[in-house]
Number of protein chains: 2
Amino acid sequence: MEYIVVAGGPISHMPRFTEVKKRYPNANWVGVDRGAYHIVEAGIELLQAFGDFDSLSEDERDVLSLHTVKRDVYPREKDRTDLDIALNWVVQQNPTSVTILGATGGRLDHFMVNIHLLTKHDYVKHQIVIEDVNNRVRVEQPGTYCLPNSGRYRYVSFIPLTDVVSGLTLDGFYYPLNDEQIIRTSSLTISNEWKEDKGFFSFTDGILTVIESRD
Amino acid sequence: MEYIVVAGGPISHMPRFTEVKKRYPNANWVGVDRGAYHIVEAGIELLQAFGDFDSLSEDERDVLSLHTVKRDVYPREKDRTDLDIALNWVVQQNPTSVTILGATGGRLDHFMVNIHLLTKHDYVKHQIVIEDVNNRVRVEQPGTYCLPNSGRYRYVSFIPLTDVVSGLTLDGFYYPLNDEQIIRTSSLTISNEWKEDKGFFSFTDGILTVIESRD
């Protein structure tokens, strides 16, 4: 089953829910804090909600309360973010894919923490992407990957999250690469573009951020 | 001399130039690609411009051409971003501080590359900050630092850019810390808040991102 997780970031940065629903018509929708409110407001069934909903107004909380059937309110933990608690639950449901909305825009510390969250051992092995209006971000550990060209993004950038990413090979992109070592400050692997309808990438060491984007 | 560098990111994420000019009345303004156009459009003297200005319309390029006295157009290099070329020039001018605008919003690969750029040996020793409407980001190497509370941001987050940051001590903040080791996925040092009008932080190993932010 596919999961859409809507976190508490600004809705101005999220793709339209109707468009996401078209792509994932049978997905389960999970809300994190204000994200739960946005799901309900859009008339989409909310499977599960996480957070203490402190950031919601009384009116917004009332709207959310009308949809209590499948809602569990989890208390805030000191050492885990609400998104972390939500993802922990989602990966236990054996998802085929997880798309996180509302994890970008606004506070940059939140964005960086959300990216780092995906590197957690329990999450990095799942197909989890962070998506907003202009970007789709995934975090990968060493291995070989096939990336389909969705036609929605012009650029593909490969950015080391560790000091070094080793043995990086890119195929099917405009600028191919063969067994290269990339350091954090390199600009070599930024703004690549699709050449085929599928791209392949592989690497042997490090953690790699793969960002599809458009202007 | 203080320097303001305006990069090519969306203007919607930049603080108002008039407000920045009030804070840094004597600063030199440097433009990177579309950023140069925004400086000129705001009626601010453009000291130097970098980029090939491919992203500008003919009309916009005409506006920029009216201000050629202090402008040098640098060709695009394959292995350096325009912002990298601009920063390289700025740090050679012995700046007392550098504030980068237009490095956030829009493409997340650009933002990540801009953050990683600040970790370059030549840049990390200078006082360089990336600023947008909600955030001020700096990247630091091991040492002891004093951070004044500008009153403009509620939160201060300390996020490891390396796998580990060691010996992190925080003082003058709501949640102090003494000689802690922080890993990338930890949420312990997120959303700290000021307690005094100055905060102190120090660490012994790794690279640390310090993000002041507000909702």
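**Entry 1: the contact.** I kept in mind that this is a predicted model. I looked up who takes part: 38 residues come from chain B and 38 residues from chain A. Between them the two chains bury about 3,100 Å², and 64% of that lies on carbon and sulfur atoms. On the chain B side, I found that Arg107(B), Leu108(B) and Arg184(B) lose the most area to chain A, together 21% of what that side buries.

**Entry 2: polar links.** I counted two salt bridges between chain B and chain A. One of them joins the side chains of Asp215(B) and Arg107(A), at 3.7 Å from N to O. I also noted 17 residue pairs in polar contact across the two chains.

**Entry 3: what chain B brings.** Helix 5 (108–117), strand 6 (135–140), strand 8 (155–160) and strand 13 (208–213) of chain B each supply at least two residues to the side that touches chain A. Helix 5 of chain B gives the most, with seven residues. By type, I found 12 nonpolar, 16 polar and 10 charged residues on that side of chain B.

**Entry 4: a sheet in chain B.** Next I traced an open, antiparallel sheet of four strands in chain B, in the order 7-12-9-10. Strand 7 (143–148) and strand 10 (177–183) of chain B are at the edges with a single partner strand each, so one side of each has no neighbour in the sheet. Direction ignored, neighbouring strands here are turned by 25° against each other on average.

**Entry 5: one strand pair.** I followed strand 7 of chain B to strand 12 (residues 198–203) of chain B, and they pair in the antiparallel sense over six bridges. Thr144(B) has Ser202(B), in strand 12 of chain B, as its bridge partner.

Terms used. Residues are numbered from 1 along each chain as its sequence is written. Chains are lettered from A and ligands numbered from 1 in the order in which they are written. This is a predicted model: local features need pLDDT of at least 70, side-chain atom pairs count only at pLDDT 80 or more; totals for chains, interfaces and linings use all residues. Side-chain values use heavy atoms; hydrogens and water are left out. Contact means heavy atoms within 4.5 Å. Buried area is the accessible area (1.4 Å probe) that two parts lose on being put together, summed over both. A salt bridge is a side-chain nitrogen of Lys or Arg within 4 Å of a carboxyl oxygen of Asp or Glu. A polar contact is a pair of N or O atoms within 3.5 Å; within protein, one must be able to donate a hydrogen and the other to accept it, and residues adjacent in sequence count only if both atoms are side-chain atoms. Ala, Val, Leu, Ile, Met, Phe, Trp, Tyr, Cys and Pro count as nonpolar, Asp, Glu, Lys and Arg as charged, and the others, Gly among them, as polar. Two strands pair if DSSP finds at least two bridges between them. Axes are lines fitted to C-alpha atoms, for helices over the stretch in contact, and angles run from 0 to 180 degrees between N-to-C directions.
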